[in-house]
Amino acid sequence: MKPALEFAGFVTLAAALHLGLWAGLPAGGAQSAGEGGTALVSLEAAPGALQALADAWRRPPEAQQAVA
C-alpha cells in the first residue's frame, strides 16, 4: 500500500511542477532576438522558383545509355 501512495504522491508532484513551468511560459511563444534583443527574426515562405529548384535537386538523374 505504501509504494502505491508514494507513486501517486510523486506523480502529483511532477504534474504540479510541469504545470507550474508551463504556466510561466510567455503567451504566444518565444520570439527570436539578436544580440541585446534588438534584432527580431521574421520568417516567410520561399518563392515558387526556389521550390522548383529544390524539387529538381531531389529528382534522381536520368539514366544515360553507354556510347560505344
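The expected span of a helix is 1.5 Å times one less than its number of residues. Helices here are DSSP runs of H or I with at least four residues, strands are runs of E with at least two, and both are numbered from the N terminus. This is a predicted model, in which local features need pLDDT of at least 70, side-chain atom pairs count only at pLDDT 80 or more, and totals for chains, interfaces and linings use all residues. Residues are numbered from 1 along each chain as its sequence is written, and side-chain values use heavy atoms, with hydrogens and water left out.

Start with the whole protein chain. The chain has two helices and zero strands. Of its 68 residues, 1% are buried; buried means under 20% relative accessible area, exposed over 50%, and partly exposed in between (1.4 Å probe, protein chains only).

Next, select residues 2–23, helix H1. Its 22 residues should span 32 Å at 1.5 Å a residue, and its end C-alpha atoms are 31 Å apart, which agrees. The number of buried residues in H1 is zero, so this helix lies largely in the open.

Within H1, pick Leu13. Leu13 counts as partly exposed because its relative accessibility is 46%.

Now move to residues 48–58, helix H2, and show Asp55 and Arg58, three residues apart, about one turn of the helix. What does Arg58 form with Asp55? The two form a salt bridge, with their closest N and O atoms 3.6 Å apart. A salt bridge is a side-chain nitrogen of Lys or Arg within 4 Å of a carboxyl oxygen of Asp or Glu. A search of the whole structure finds one salt bridge. Arg58 counts as exposed at 64% relative accessibility, while Asp55, at 34%, counts as partly exposed.
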